[in-house]
Amino acid sequence: LQTSYEQLGSDKFWHALGASLLRELAGFSIGTMLGLVLGAALGLSHLFFRLMGPSFNTFKQISLFAWIPLISVWFGLSDTAKVVFLSLAALVPVVVNTCDGIRGTPQALLEVARAYRYTRWQTISRVVLPAAVPSIFTGVYLALIYSWLATIGAEYLLVAGLGIGNLLIEGSEHFMMDLVIFAMLVIGGVGCLLNALARRIERHLLRWNAAS
């Protein structure tokens with residue numbers, strides 16, 4: 001409790017938390033945008049799915065931490081390397097859920113679209129995407145959680161700069177278990193807040209999607 005009180009009153013802690021959250025936001029945004037594009041391409045194009053689907057299925061089986069040696073060689077130990085690592089963490093769940101949501105559009109809805117002679121764009125915008133929204137948001141939600149967990153892993157393994165992961169390292173190296181436990185509680189607390197925020201946005205979007 002004493003360590004928590006000291007840390008919460010320290011500018012260093014808030015700068016470290018801000019640095020971690022900025023990395024998380026950057027990696028999550030990049031990974032999500034790329035994931036939505038790639039997932040939509042895989043879901044909407046049968047040719048692209050046949051060409052790239054097997055390669056992506058192989059890619060997603062590779063452990064995220066197996067990329068760290070290559071990332072550290074290509075980008076060093078800078079913030080850029082951390083953001084690339086977080087982007088990979090966010091990319092996979094978004095691609096998988098976007099693709100599955102689009103390809104899982106009920107046939108009955110597609111038959112109705114054909115009966116009304118919808119163009120391909122009308123079918124995609126009015127039928128396929130609304131039907132895929134729950135699955136797409138599940139992917140975005142998972143990306144938000146995975147990218148936060150990956151933030152701590154990146155700061156712990158790609159050591160450089162400020163971050164909550166560095167608090168863990170500092171506590172471990174100096175045998176300060178109070179500092180380690182405080183950092184763990186902060187990581188869990190931020191994760192809970194991100195989870196609650198994502199769930200609230202999800203409920204709002206699903207209500208809007210149902211109403212439209």
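Arg199 lies over the face of Tyr141, at 4.1 Å from the ring centre. A charge is taken to sit over a ring if NZ of Lys or CZ of Arg is within 6 Å of the ring centre and within 35 degrees of the ring normal. Arg103 provides another such case, its charged end sitting 3.9 Å from the centre of the ring of Phe49. The model is a predicted one, in which local features need pLDDT of at least 70 and side-chain atom pairs count only at pLDDT 80 or more, while totals for chains, interfaces and linings use all residues. Residues are numbered from 1 along each chain as its sequence is written, and side-chain values use heavy atoms, with hydrogens and water left out.

Rings also pair with one another. The structure holds 6 aromatic pairs. Rings of Phe, Tyr and Trp (its six-membered ring) pair if their centres lie within 6.5 Å; planes under 30 degrees apart count as stacked, over 60 as edge-to-face and the rest as tilted. The pair of Phe56 and Phe59 is tilted because its planes stand at 35°, with the ring centres 6.1 Å apart. Both residues belong to helix α3 (residues 46-59), where a spacing of 3 residues separates them by about one helical turn. Helices (H or I, at least four residues) and strands (E, at least two) are DSSP runs, numbered from the N terminus.

Burial is judged by relative accessible area: buried means under 20%, exposed over 50%, and partly exposed in between (1.4 Å probe, protein chains only). Phe56, at 10%, is therefore buried, whereas Phe59, at 21%, is partly exposed. Phe59 also forms a tilted aromatic pair with Trp67, at 5.6 Å centre to centre and 50° between the planes. Elsewhere, ring pairs link Phe13, Trp14 and Phe182 into a cluster.

Ser87 is located in helix α5 (residues 79-103). With a relative accessible area of 9%, Ser87 is buried. Leaving aside residues up to four places away in sequence, Ser87 touches Gly27, Ile30 and Gly31, where contact means heavy atoms within 4.5 Å. Ser87 and Ala26 are 61 residues apart in sequence, yet their C-alpha atoms are 7.9 Å apart in space.

The cysteines remain to be considered. A disulfide is a covalent bond between the sulfur atoms of two cysteines. With the criterion of a pair of cysteine sulfur atoms within 2.5 Å, a search of the whole structure finds 0 disulfides. Cys99 counts as buried because its relative accessibility is 7%, while Cys192, at 54%, counts as exposed.
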